[in-house]
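Reader: I have some questions about the labels used for this structure. Can we take them one at a time?

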Amino acid sequence: MMQSMKTILEHTSLRALGAFVTDTSVPLEELLGEAVTREEQARRFADELHLAIRNGGARTEERAQGVLEAGRDAAWQAGFCAGMKAGARIVFSLMDESEVVC
């Protein structure tokens, strides 16, 4: 177990994450934004897409494409954050040698 723990810790670079979080040039407040539920995020996406289609005029396709790209980016970010959270829980569980908490 000790060899695998050593390997896990070597592959987990908290130093890189810490450097990012403490970097004052990164606008963390802007990146973090407000926390919203999946349902609220889906509702906002649907509203924005509806408005883009309804009010797009000659640029309907372009506006809808912009909303779709923003939605894709938001979904990727949400999945990335969920993965980070799961990874952190696994690392903590391994370090504590207890059950993985989900």
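Author: Start with a pair of side chains in this predicted model. Glu40 forms a salt bridge with Arg44, and their closest N and O atoms are 2.9 Å apart.

Reader: Why is the contact of Glu40 with Arg44 called a salt bridge?

Author: The cut-off is a Lys or Arg side-chain nitrogen within 4 Å of a carboxyl oxygen of Asp or Glu. Glu40 and Arg44 have N and O atoms 2.9 Å apart, so the pair counts as a salt bridge.

Reader: Where do Glu40 and Arg44 lie?

Author: Both are in helix H4, four residues apart, about one turn of the helix.

Reader: What makes Glu40 count as partly exposed?

Author: Buried means under 20% relative accessible area, and exposed means over 50%. Glu40 has 24%, so it counts as partly exposed. Arg44, at 31%, also counts as partly exposed.

Reader: Which residues do salt bridges with shared partners join into one network?

Author: Arg43 and Asp47 also meet in a salt bridge, at 2.5 Å from N to O. At 36% relative accessibility, Asp47 counts as partly exposed. Salt bridges that share partners join Glu40, Arg43, Arg44 and Asp47 into one network.

Reader: Why are H4 and H5 called roughly antiparallel?

Author: Their axes cross at roughly 165° and come within 7 Å. Angles over 145 degrees count as roughly antiparallel. H4 and H5 are therefore roughly antiparallel to each other. The contact residues divide into eight nonpolar, four polar and two charged.

Methods. Residues are numbered from 1 along each chain as its sequence is written. This is a predicted model: local features need pLDDT of at least 70, side-chain atom pairs count only at pLDDT 80 or more; totals for chains, interfaces and linings use all residues. Side-chain values use heavy atoms; hydrogens and water are left out. Axes are lines fitted to C-alpha atoms, for helices over the stretch in contact, and angles run from 0 to 180 degrees between N-to-C directions. Helices (H or I, at least four residues) and strands (E, at least two) are DSSP runs, numbered from the N terminus. Angles under 35 degrees count as roughly parallel, over 145 as roughly antiparallel, 65 to 115 as roughly perpendicular and the rest as oblique. Ala, Val, Leu, Ile, Met, Phe, Trp, Tyr, Cys and Pro count as nonpolar, Asp, Glu, Lys and Arg as charged, and the others, Gly among them, as polar. Buried means under 20% relative accessible area, exposed over 50%, partly exposed in between (1.4 Å probe, protein chains only).
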